Amino acid sequence: MAVRARRALPFPAAIVRSEAALPLGLLAPTVIFLSLLILVPIAQAVLLSFQAADGTFGLDAYKRMFNDTAFADSFRNTILLLIAIVPIQTVLALGMALLIHSRFPGHGIFLYIYAIPLAISDLAAGIVWLSIFTDQGYLNTILTGLGVIKEPMAFLSYENLQWLFTAVVVAESWRATALVLVILLAGLQLIPREYFEAAELFGASRVKRTLLVVLPMLKPSLQSALIIRTIFAFNAFAVVLALAGRQLPVLGYEAYDWYYNNRNSNVAAAFATLILALTIATTVTYLRLFRVREGELGK
Amino acid sequence: MSSVAFESVRKIFGKTTALKDVDLVVRDGEFMVLLGPSGCGKTTLLRCLAGLERIDGGTVRIGDRDVSDLPPRDRHIAMVFQSYAVFPHMKVYDNIAFGLRMRKKPKAEVERRVKEGAALLQLEPFLDRYPAQLSGGQRQRVAVARAIVTDAPVLLMDEPLSNLDALLRLHARAELKRLHGEVKRTTVYVTHDQIEALSMGDRIAVMREGQIVQLDTPSALYDRPADVFVGSFIGSPPMNFLKCRARNGTAVGEAFEVPGPPGMDGKEMLLGIRPENIRTGEGPFRGRVLVVEPLGSHALLTVMVGNESIKVVAPADTTLRADEELRLAPEPHKIRWMDAASGKALVAPH
Amino acid sequence: MTAAAPALRRRSASRRVVVDRILLYAAAVFLALWTLIPIYLIALAAFSDRAAIYEFPKPLLPTRFSTDTMTFFVNSTGVLPSVRNSIIVALSTIVLGLLIGAPAGYALARFRFPGRDGFQVGVLISKMFPIAILSIPLAVTFIDLGLYDSLIAVILVHTAMVLPFVVIVTSGVFLAVSRELEEAAQTLGTSRFGAFTRIALPLALPGLAAAAIFSFVTSWNEVFAATILTVRNTTLPAQVLASLNISPLYFRFAGGFFMIIPSLFFIFFMRKYLFNLWGPGR
């Protein structure tokens, strides 16, 4: 009886005939799509930023960006927002996550409530808090009603820059904490119960337990959450616009403004490239900071 | 004709060769068991037969058709999976009917055959339920029914009993054997449990590291293992092996001397003897009892013979105690001589 | 040790537990209120009559309930068309995202192939890019292609935004469907594709629905790209953004509330899959 031997086919025929043909084929659309819509624009943005309107290469766009009166402010504001929002949200989300994780009766309902802001856009969030912080808004109503202040405060005016800033921080925290919450909660649920129980058994108080056991094991999730949160913070745009208009310049808005209103795609691209660079820099920092050594988590 | 033939079947996963040119013929209507420890390739061989893995060399035949390149649906096989793979989103009736419907059988015939299969496996009361409402044992029966009703000439089973608890497994084993008697489909059955293999198989292919080490009937495997591995794998407790050397027709061990196989002067050998084939009281083995385990129907002794410990089966009412010296006699025609170097059996049985 | 001491200790221990419990609930309720009250307030603002918006102090209870503001908003020029556009874009994003991403998720879940790890890393990285920002260079390209100010441009960008999530979620979902189920179907007479449509797909439906809802919400809420890429054929957020400076306050409030409505429903439907969004088991 004839025995058939299969000879190894030469590459790339091997790929086509091999068992890899189907999965690679299923992946191809995604790979192509994402390459075209991410890799290509990135290259384009960088390229654009180094061009002038007539196509010649140079640093003109960057010069105009740095010399823009709003540049220093927008850069500073973006960074400040980041520094303010990220820690607040992380602590808040961690608190919420730990609460939910303790599985008290009714925790399911509370989870849904906390998660509601997930589906709210930054623009809508900005408007929501606009109704609260605006001169005739709800915050002033409550404060004067309680007698804390006599006259409504102009929270959102240029004179009260700190309050403006605070309003943006509050609005963004309110909206995006749910994002961090969901990531942290998923990470919490992965920690085997035994670690909590062992810590409790050995006498650790709740606070100690959290600091010494939970947080280290949560590193990968924290890393994830912080990276994503930071990236969104760099793109902060609509919230600021809704609450502060142009009074609080941020990098995201400047990019939009140069493109849309000034019709200068080169400078806009310069801003975009700057944001991209900042994003990569912070992502790498987070990856370094939260690097989990192999075996550290018993994986 | 529904015989199965593997010819020089080879399967490679990355850097490992899971199947090394395996040859095996399963006769029409035979219940063939593929037995071996995990990783030996038995499941891989089964999946190559099913068409769920593509082979890298050789041929697979069902009847006289070469099915090596055919997808599972064209091979006319039926399979019972280890996890049962009962479709959770369909009722039991629809699960059993699935194969028939895929073959576009007329509705009346589908109904008739599903009812027959359900009767055969006592599933009639559950036809309208969803798998989630069934116990593990019941789901297993659904998987078997689903495979049987398709009338496929070859039935494949991948450790279908291993997820059942011990008592249920006993019962299901007998049921499957009875079923095979009634339905008489060529069956290829994979298991790592040698008791299942001995109980159910017409013939057993013992596999190890991608190759068939011995292909024989259960009793032949039990009495005449081809090597140390088979001898240790089959039977519980496993076969004992004692070191000895041949000298002038005698096998001389550390604590014994017995008549040995002829013509093997100077060879380092292993004397293989099963625990239940050793008599206590008198004989050529000198030993000391280490442990006595009363197991109800018999007693299991752990005995030191020289420097080696062996197991011996004694009657339940034995008076032997730990630390007692005793003499043992292996039944001469049950001894299996092995070459110490290669581990393979030395002489043909008397 | 007298008999009284253990009893005393037990009582104080249980009191501590009760205090603990109360603190827990207090914290949980406080956070819940913090989340819900602003939504209540914006709803209040949106459903008061226009004059009430300028009143001070503001009524904290729905005493001035009126659909005036909302009606005004809905009937304002450009609002209804932009809502229609938002729906079209969001639905198209779902379709395109699932069509492209689900097969990739399936491939990740079922197959081992060269480049698998690289692909997974690539997907994770693309998740981290500020894709909205990329719409600036993309706008230039779209102008050249004649796609500027068209919904197609927005659909493409939104699809790129949701694609990484769709791939991750669907791969998790298909992983949860045992491979043996599809193999069993194949031995029973289906083709590979048949096994996918009859077995894997029905069982994966809840997860796919979650991916679809997530895609819808992301697209519905997206502001930056939609604003950059469109001028007249805008989506709702872009429309509201464009008029932020010039529209009266009540218009903005109504717009804000209007944008939130779908979100409230969607989170309810998506609750089981909230954790899968960010990667299987991270």
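**View 1. Overall dimensions of chain C.** Chain C has a radius of gyration of 25 Å, whereas a compact globule of 282 residues would have one near 19 Å (taken over C-alpha atoms; the globule rule is 2.2 Å times the number of residues to the power 0.38). The model is predicted: local features need pLDDT of at least 70 and side-chain atom pairs pLDDT 80 or more, while totals for chains, interfaces and linings use all residues. Residues are numbered from 1 along each chain as its sequence is written, and chains are lettered from A and ligands numbered from 1 in the order in which they are written. Along the principal axes, the C-alpha atoms of chain C fill a box of roughly 70 × 70 × 35 Å.

**View 2. Helices of chain C.** Chain C contains 12 helices and 0 strands (DSSP runs numbered from the N terminus: H or I of at least four residues for helices, E of at least two for strands).

**View 3. Contact between chains A and C.** The contact draws 80 residues from chain A and 76 residues from chain C (C-beta atoms, placed from the backbone, within 7 Å). Helix α2 (residues 21-49) of chain A supplies the largest share of the chain A side, 15 residues.

**View 4. Packing of α11(A) and α14(A).** The axes of helix α11 (residues 219-234) and helix α14 (residues 265-289) of chain A come within 10 Å and cross at roughly 165 degrees (lines fitted to C-alpha atoms over the stretch in contact, with angles from 0 to 180 degrees between N-to-C directions). The two helices are therefore roughly antiparallel (angles over 145 degrees). Contacting residues include A:Leu226 and A:Phe234 of α11(A) and A:Ile275 and A:Tyr286 of α14(A).

Conventions:
Two residues are in contact if their C-beta atoms, placed from the backbone, lie within 7 Å. Angles under 35 degrees count as roughly parallel, over 145 as roughly antiparallel, 65 to 115 as roughly perpendicular and the rest as oblique.
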